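Dear colleague,

I am handing over the structure that we talked about, and below it you will find my notes on what turned up in it. Please read them slowly with the model open beside you.

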Amino acid sequence: MTAHDATQNVRIVLAARPRGEPIAADFRVEHAPLPVPGEGQVLLRNRYLSLDPYMRGRMNAGRSYAKPVEIGEVMDGGTVSEVIDSRHPDFRTGDMVLAHGGWQTHAVADGRLLKRRLDARAAPLTTALGVYGMPGFTAYVGLHEIGKPQPGETVVVAAASGPVGATVGQIAKLQGARAVGIAGGEAKRAYLRDALGFDVALDHRAPDFADQLRAACPDGIDVYFENVGGAVFDAVVPLLNDFARIPVCGLVAHYNDTTLPPGPDRMPWLMSQILTRHLTVRGFIQHDFIALYPQFLREMGGWLADGKIRYREDIVEGLENAPRALIGLLRGENFGKVVVKL
């Protein structure tokens, strides 16, 4: 973050609801006095901000699994934050915590809601926003509870170079499955194949993508981890095996749509596929499985320490650049987990 008055809170609020793709004018930078913590609260200095596809949905007014951001409110987001003033007995000045501080330099949080203190000696702090945090947990529970890959089965994941998809593929490999990753561009394909150990990496932009996917899955697809939708989903469905499982955690290809994606005219076809192939399709939010979070922290912590899970981060400097970075993320311009350094 560029230098600013330490007595001021710099924040980015929602200025207007986007019509299609967000633009810079949909956000506004504001300055306000530092918030003051009350009894049982802590004042946080946000050090890192997570940017995630779900934020686009929070900018809409429609019904969703979480309350939308209202016009004039601070944009929502997870943060790695430093306690700079504490009125809660469990936290001291200097503690680093995982919080929900939003798009701002400072925030007040209820100490009872801060469930995780961070230690940079155990893992880099930024991983708490990516592979060792919500995205990694999304991959872990979606695969563990819904996908349930067996040794030798084929797992296909879209947006495979992102923090969720990359983790899905690597966990699938640890469980003895084949991992087929789909991403955009040769650099991301090479990363999946050479750095992460995917069995096959495909470019969804290739004109013969559907044919390439069929060739990569000669025994069909047993698990498709869905976080994109669109043309990738259309290419996957004909290859699904009987009793295939489809965890659905996102549909980023449609987040900027101003009209509903094709639906009613294709529903009979989709339903027939679900019926005749005995498919399991389950939408989920990672919080559905929050009881597994301690297990995830233990297992992922071990994998990271042993080098069995690798990750990539896309660091953006400065809170003022968060809007541009979110717009780019929704276009697929990022490479790895997007984190804003404040």
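**The nonpolar cores**

The largest nonpolar core has 37 residues, and the members that touch the most other members are L143, V168, L192 and M300. Please keep in mind throughout that this is a predicted model. Two or more residues of this core come from each of the elements α2 (134-147), β8, α3, β9 (178-183), α4 (186-195), β11 (221-225) and α8 (293-306), and the largest share, 6 residues, is given by α2. If you pick out L143 and leave aside its neighbours within four places in sequence, you will find it in contact with K148, P149, V155, V168, I171, A172, V223 and F225. Another core, of 24 residues, lies apart from this one, and it includes V200, V228, A235 and A244.

**Helix α2**

How many of the 14 residues of α2 are buried? The count is 11, so that the helix is mostly covered; among the buried residues are P135, F137, Y140, L143 and I146. Just after α2 comes K148, which takes a positive phi of about 45°.

Together, β8, α3 and β9 make a right-handed β-α-β unit.

Is S161 buried or exposed? Its relative accessible area is 8%, and because the cut-off for buried is under 20%, S161 counts as buried. Leaving aside its neighbours within four places in sequence, S161 is in contact with A166, A183, K188, Y191, L192, F335 and G336. A159, by contrast, is partly exposed, with a relative accessible area of 33%.

**Positive phi angles**

As a general rule, most residues other than glycine have a negative phi. A159 has a positive phi of about 45° although it is not a glycine, and F243, not a glycine either, has a positive phi of about 70°. F243 is found in strand β12 (residues 240-248), and its relative accessibility of 53% makes it count as exposed.

**The cysteines**

How many disulfides does a search of the whole structure find? The search gives 0. C217 is in no disulfide, and the nearest cysteine sulfur to its own, that of C249, is 19 Å away; a disulfide would need the two sulfur atoms to be within 2.5 Å. C217 counts as buried at 3% relative accessibility, whereas C249 is partly exposed, with a relative accessible area of 24%.

With best wishes

Conventions:
Residues numbered from 1 in each chain as written. Predicted model: local features only at pLDDT ≥ 70, side-chain atom pairs only at ≥ 80, totals over all residues. Heavy atoms only, no water. Buried < 20%, exposed > 50% of the residue type's maximum accessible area, 1.4 Å probe, protein only. Helix = DSSP H or I, 4+ residues; strand = E, 2+ residues; numbered from the N terminus. Core = buried A, V, L, I, M, F, W, Y, C linked by side-chain atoms within 4.5 Å. Contact = heavy atoms within 4.5 Å. Right-handed = clockwise from strand over helix to strand, strands pointing away.
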